[in-house]
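Welcome! Please take a moment to look over the sequence and the 3D view before reading on.

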Amino acid sequence: MTAHDSAAPQPTRPTWVPDELYPFADHYLDLDEALVHYIDEGDGPPLLMLHGNPTWSFLYRNLVLGLRDRFRCIALDYPGFGLSSAAPGYRFTPGEHAGVVSRLIERLDLREITLVVQDWGGPIGFAAATRHPDRFAAFVIGNTWAWPKTDPGTQVFSRFLGGPVGGWLIRERNFFVERILPSGVRRTTLSDTVMNAYRGPFPTPASRRPVHAFPREILGSRDLLADIERKLPTVADRPALIVWGDKDLAFRSNERRRWEQIFRRHHTVALEGASHFVQEDAPEEIITAIRSWSST
């Protein structure tokens, strides 16, 4: 078995996955806590791409298509997202997701990794990176963070959407997919096909529990976030490409500047007019930035 193969059974791909937009082979990693789906395309240095909430590896489809001629592009779905399923007892916390990412890195024996992150991919990815700093060579950082957030707006967001009313909106109205996702895209409009691919993993109120966990954990995972913050110096000597949407209401210039302070060997590309989901708003600019930066 090669590193690209999977010994896990291959579930049937659901009809809501648009093959024409996501023309990749499905791979599965069978763990005790989850059956983890990932795509693994191309050869070369590994690019490990981590999504946030409420997205899945589909978010990276354009980047994979644009970079797989130069890189080995790996994008996974956290348990409860995309095509990954969780075992009973899995709580869908960032710490658990980081453990899954770490297990995948070990099982595929990934080395010289360039980590690509946005949204919750930041804390989850940097939790894994600071556990295995010798396996990471560089970072591509979209609109994200990796430390406790203490500003009043974040506190209100976490308490409201992570609480009972937010839980009802997320479970009964699919609020994150139907409202947060489209509002986090400014330069394009998500088509019905794309929106259906994001709706697909969450057809019922029960299936939306993983989405509700994330806003709650902005405050609930403060200890994890503080631990990541303490350990960031173990990887801060690596080069970093910062690709930053300047119209994001969640992550603004102060977070971008903090990343620039952490990674002295950084190069920043401003994605003018792009909002939170930069992979949807500015895929070609990100592809061009990565190709240019990786060749220098």
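This briefing walks through the core, some helices, the backbone and the salt bridges. Keep in mind that the model is predicted.

**The nonpolar core**
- The largest nonpolar core has 101 residues, and those that touch the most other members are Leu48, Met49, Phe126, Phe139 and Trp259.
- Helix H2 (residues 94–108) gives this core its largest share, six residues.

- Helix H3 (residues 121–131) is mostly covered, with ten of its eleven residues buried.
- Among the buried residues of H3 are Gly121, Pro123, Ile124, Phe126 and Thr130.
- Now try helix H6 (residues 175–183), where Phe175, Phe176, Val177 and Leu181 are buried.
- Looking down the axis of H6, you will find its buried residues within an arc of 155 degrees, so they line one face of the helix.
- The cover over the buried residues of H6 includes helices H4 (152–161), H5 (164–173), H7 (192–199) and H8 (209–220).

- Val156, Phe160 and Val165 make a nonpolar surface patch of about 280 Å².
- Val165 lies in helix H5, and this residue is partly exposed, with a relative accessible area of 48%.

**Backbone features to look for**
- Most residues other than glycine have a negative phi, and most peptide bonds are trans.
- Phe92 has a positive phi, near 65 degrees, and is not a glycine.
- Phe92 sits in the loop between strand S5 (85–86) and H2, and at 8% relative accessibility Phe92 counts as buried.
- Asn174 also has a positive phi, about 50 degrees, without being a glycine.
- You can find Asn174 in the loop between H5 and H6, where its relative accessibility of 7% makes it count as buried.
- Leaving aside neighbours within four places in sequence, Asn174 is in contact with Leu169, Phe202 and Arg208.
- Asn53 and Pro54 are joined by a cis peptide bond, with omega about 5 degrees.
- Pro54 is in the loop between strand S3 (46–50) and helix H1 (61–67).
- Although Pro54 and Asn174 are 120 residues apart along the chain, their C-alpha atoms are separated by 9.8 Å.

**Salt bridges**
- How many salt bridges does the structure hold? There are 18.
- Side chains of opposite charge can pair when their charged atoms come close.
- Asp40 and Arg72 meet in a salt bridge through their side chains, at 2.7 Å from N to O.
- This pair links distant parts of the chain, with Asp40 in strand S2 (residues 34–41) and Arg72 in strand S4 (residues 72–76), 32 residues apart.
- Are these two partners buried or exposed? Asp40 is buried, with a relative accessible area of 5%, and Arg72 counts as buried at 10%.
- Asp227 and Lys231 form another salt bridge, their closest N and O atoms being 3.1 Å apart.
- Asp227 and Lys231 are four residues apart in helix H9 (residues 222–231), so about one helical turn separates them.
- Arg258 pairs with Glu229 in a salt bridge, with the closest N and O atoms 2.3 Å apart.
- Because Arg258 lies in helix H10 (residues 253–262) and Glu229 in helix H9, the pair ties together parts that are 29 residues apart in sequence.

Note on methods: Residues numbered from 1 in each chain as written. Predicted model: local features only at pLDDT ≥ 70, side-chain atom pairs only at ≥ 80, totals over all residues. Heavy atoms only, no water. Buried < 20%, exposed > 50% of the residue type's maximum accessible area, 1.4 Å probe, protein only. Helix = DSSP H or I, 4+ residues; strand = E, 2+ residues; numbered from the N terminus. Arc of directions from axis to C-beta. Contact = heavy atoms within 4.5 Å. Patch = residues over 30% accessible without salt bridge, like charges linked within 9 Å, V, L, I, M, F, W, Y side chains within 5 Å. Areas by Shrake-Rupley, 256 points an atom, 1.4 Å probe, with all protein chains shown as cover. Salt bridge = Lys/Arg side-chain N within 4 Å of Asp/Glu carboxyl O. Core = buried A, V, L, I, M, F, W, Y, C linked by side-chain atoms within 4.5 Å.
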